[in-house]
Amino acid sequence: MADAMKTHTRAIVIGGGVTGCSILYHLAKMGWTDVVLLERKELTSGSSWHAAGNLFTLTSPNSVSALQKYTFELYPQLEKESGQATGFHPTGGLSLARTPDQTTALKIARGRGRRLGIDAEFISFEEARKHAPILNTDPLHSVLWEPMKGHVDPASATMAYAKAARNMGATVYRHTEVMETNRKSGGGWSVVTNNGTIDCEILINASGLWAREVAAMAEISLPLMPVEHHYLVTETIPEIEAMETEFPSVSDGESNLYSRQEGQGLLLGAYEDKCYHWAEDGTPLDFDHELLADDLGRMEWNFERACEIFPVVAEAGVKTVINGPMIFSPDLGPLLGPYPGMPDYFCACGVMTGFNQGGGIGRELAHWIIDGEPSIDIFCWDVTRFGDHVSTEYTRARTGYFYENRSARIYPEHQFDVGRPVRTFPLYDRQKAAGAVFGESYGWEAPLWYAREGEEARDVYSYKRGNWFDAVGEECRAVRDGAGLFEVSTFAKYAIIGPGAEDWLNHMLANRMPPTIGRTRLSPMLSPKGKVIGDFTVTRMDDDTFLMLGAGAMQRFHMRHFENHIPEDGSVAIENLSSRWAGLMLAGPNARTILARVADADVGANAFPFLSAKGLALGKVPDAAVVRVSFTGELGYEIYCPSEYQRTLFDTLMAAGADQGLRLAGGRALMSLRLEKAFPSWGIDLSPDYTPFEVGLDRFVKLDKADFIGREAALAAVEAGPSVQRVLLSVDAEDSDASGGEAIFAGGERVGYVSSGGYGHTIGQSLALAYMHPDAIADGAACAVEVLGEERAATIHTGALFDPDGARMRQ
């Protein structure tokens, strides 16, 4: 007779696929053994059982590569701990390139992998054929050998996670269907199942194909959409049967094709050129270890390409066809972490390659649940990266596009038009008429650059400098010589209000808050472990009101954090103004002259100094918040107002600047100008991977403040010293620039990596911000940066190359 189900446990994982079992294993591994997994049928019942089980490590961004590397290396340990085989086959693999551009893509991937100790090397066609005797190299341009490729058996690997977790004291209940999830008034959850009710402190939705349905029980909506996916297995191929070693994994990105050995034949999988969605309105509750009707015609093009590189496949019979559902988010990345407003409800949904990423996801979810934060920056997978603007139609369009282009090259500064536009600020039509080419930020359209007369207003991508290069250069020079007007409405804007606002901000942020009305301070926000999780501009607008500006894409992440710490006594209120307020940034040596012509008060240098703010009437705009800060290195003002006034504000400033060289400028010009000043940008140079002392924000951390989140960890970080430090590099890059992730070498040793890069148009140099080992840093020292797979000479700079003393922005 089976034991009765528990009535209380510390954490419940809903879903017995590889992701759920990995989370259970890692929670137990980290000491939480009173944890339970609930599975409605048998383990692997959803999409885990029919997965191909492929493993690889080279990908982007680097944080994902790190998680995939961890997963790859975990399988042998998992077998030992569980006593259960995982079917781990570390065969190594070949990544094929048919064109020079794909070779460049592989060079970039190889270079980024070197940062993590992932070795890969280009090999000759002869060597490639030794690894894969059936490979026809005639269509190929190059071949990259990756030792850390292979595959596992899906069922065995999932069972190994579950068994290892049970060995440590965790519990798995099969045939236990979750019917309700009810949040308890004092925190925690009551989970109603067909076998009884069980309470928990933490609830984890790892329900795979049923993630939407389980989320709905908690009145949560997740942007997920299932799609159909084909692969086939051939009959025995004599050449493979005759091999003394196992056939390697082979990927052909330009054909959206992957393959590996299965039995004595080949498994061939394809991301077809037309995506077919499945169960858009909800996954059937009775779907269990089932497949969908196959349609090999959908992968005809992929199969033809497979026959070009594996001619024997044309003669091999088809043994098995698999068409199974998978469930994806709009960018195909997982949705991880605590759902906003529910700190005890964690998501682990939409995992595309669970056997390749599941170990890393399990580890990070366990850290997040137990320690309060992940061990590395995984915002690229955080559930908060999508806001309420993400609709079902947007999800359908984006999942379809990224599925069909699963292996397509992503070029530097690549934007994707599919599903857009979604949200536009009032100036969108004016900017479009002026030649704006737009990018997307948290669903908003924002100008990247302005095409000049006679130029086509669209991006043309390559690994060389883009077609926007000259136009962006003109925008940059206009800002340095006269004035530029930037759209900054996509910045996050918060009002912090109440008698407890100052004390609360001093607790949340590492810097002291401005003591005087109208003064502004910059401040990082730290996690309890002392990592940088935000970078804000804070202005005291009156005694009990502060305006806080931050990264727009992080607003849901930050609101989640703020709301988790808001006092219950009502002394503080937070209002997210980001969607209702618009903004323009006026920057350049003539900016003050332009502003003075329209302002109702004195904006001279003495009356309106650097790092201060004013409430001003600007022409017909009755009340604008104007903050004197600079991300360009020039005299500058960020101007914010309710969105209904933005067009009037724009017309007012453009008229006032007509004889002052005022020009519209886009986001790419802003990023170039800030590189010349060595200013870091959130999400690429600043992230939770670093302490403030590593990113150069130490002067904004007041360790003598009595109480702020992360203070004790920050004190420990000072004592330990930084593991890396941020520097500026000038690079001999010819006609292409570093973009992020490139390895840096000195004396034949790897000493750092690039976080972001581009061209400094007004100083005429290719630039990169980078993190390097402290003992490798010396101003003016030489190093080398791997750009597009080739080492380029570079020089280290410990300060800005443009106006290093900051006189221009303080004038």
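## Basis of the description

Because the model is predicted, local features need pLDDT of at least 70 and side-chain atom pairs count only at pLDDT 80 or more, while totals for chains, interfaces and linings use all residues. Residues are numbered from 1 along each chain as its sequence is written, and side-chain values use heavy atoms, with hydrogens and water left out.

## Overall dimensions

Along its principal axes, the C-alpha trace spans about 80 × 65 × 50 Å.

The secondary structure comprises 20 helices and 37 strands; these are DSSP runs (helices: H or I, at least four residues; strands: E, at least two), numbered from the N terminus. Of the 811 residues, 60% count as buried, meaning under 20% relative accessible area, with exposed over 50% and partly exposed in between (1.4 Å probe, protein chains only). Among contacts (heavy atoms within 4.5 Å) between residues at least 6 apart in sequence, 72% join residues at least 24 apart.

## Nonpolar cores

A nonpolar core is a set of buried Ala, Val, Leu, Ile, Met, Phe, Trp, Tyr and Cys residues joined through side-chain atoms within 4.5 Å. The largest has 47 residues, of which Leu 27, Tyr 75 and Ile 204 touch the most other members. Elements that each supply at least two residues of this core include strand S1 (8-14), helix H2 (62-82), strand S11 (196-205) and helix H9 (354-371). Helix H1 provides the largest share, 7 residues.

Beyond its neighbours within four places in sequence, Ile 204 is in contact with residues including Ile 12, Ile 23, Leu 27, Phe 346 and Ile 369. Another core lies apart from this one; its 39 residues include Leu 509, Ile 709, Ala 714 and Val 724.

## A mixed sheet

An open sheet of 6 strands has the order S28-S29-S30-S27-S21-S31, with mixed pairing; two strands pair if DSSP finds at least two bridges between them. Strand S28 (612-618) and strand S31 (662-664) are the edge strands, each pairing on one side only.

Within this sheet, strand S21 (residues 483-487) and strand S27 (residues 581-587) run antiparallel and are joined by 4 bridges. Leu 485 stands opposite Leu 586 in S27.
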